[in-house]
Amino acid sequence: MKIINKTNYYLCEVKKKKDFLKLIDFLNSSQANFSIIINLLDWNSNAVDVCQSLLPFHFIWQKTNKSFILVSNMKTKDSEKLIIINSLEEALDYFHMEELTRNI
């Protein structure tokens, strides 16, 4: 897993199941102290399992008023509660819009 620390957020790139397990450990240890964008575009996974695993973290980040954005092509019923965007560029735009909204 590749974790890139940007100024206002972390960008995590997941490419295989081992990376996803590291991501879960990273999220468990972070305690929602920062915004995060998770890039899942390069990983073919079971969308239902991914959504079920990440949904609790989404709610934790939401409570702390931080962004939790997935970059993926997943489409499942569970994904309706998550913020899933199809491209990294759009996810970054969405993140910056959320930041502007929080600062107003």
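Two strands count as paired if DSSP finds at least two bridges between them. I keep that in mind for the hairpin below. The model is predicted.

**Entry 1: the hairpin**

β1 covers residues 2-5 and β2 covers residues 9-13. They pair in the antiparallel sense, over four bridges. Three residues lie between β1 and β2, and the two strands form a hairpin. I looked up the position opposite Lys2 and found Glu13 of β2.

**Entry 2: the sheet**

Five strands make up the open sheet, in the order β1-β2-β3-β4-β5, with mixed pairing. β1 and β5 (83-85) are the edge strands, each pairing on one side only.

I then turned to α2, residues 47-63. This helix lies across β3, β4 (68-71) and β5. Against β4 it runs at about 140°.

**Entry 3: salt bridges**

How many salt bridges does a search of the whole structure find? I got three.

I took Lys15 and Asp42 to begin with. Their closest N and O atoms are 3.9 Å apart. That falls within the 4 Å cut-off, so the pair counts as a salt bridge. Lys15 sits in the loop between β2 and α1 (17-30), and Asp42 in the loop between β3 and α2. The two are 27 residues apart, so I logged this as a link between distant parts of the chain. Asp42 is exposed at 52%, because the exposed class starts over 50%.

The other entries are in α3, residues 88-103. Glu98 and Arg102 meet in a salt bridge at 3.6 Å, N to O. They are four residues apart, about one turn of the helix. Arg102 also forms a salt bridge with Glu99, with the closest N and O atoms 2.6 Å apart. Arg102 and Glu99 are three residues apart in α3, so about one helical turn separates them. The shared partners join Glu98, Glu99 and Arg102 into one network.

Last, I checked accessibility here. Glu98 counts as buried because its 18% is under the 20% limit. Arg102 is partly exposed, at 25%.

Technical notes:
Residues are numbered from 1 along each chain as its sequence is written. This is a predicted model: local features need pLDDT of at least 70, side-chain atom pairs count only at pLDDT 80 or more; totals for chains, interfaces and linings use all residues. Side-chain values use heavy atoms; hydrogens and water are left out. Contact means heavy atoms within 4.5 Å. Axes are lines fitted to C-alpha atoms, for helices over the stretch in contact, and angles run from 0 to 180 degrees between N-to-C directions. A salt bridge is a side-chain nitrogen of Lys or Arg within 4 Å of a carboxyl oxygen of Asp or Glu. Buried means under 20% relative accessible area, exposed over 50%, partly exposed in between (1.4 Å probe, protein chains only).
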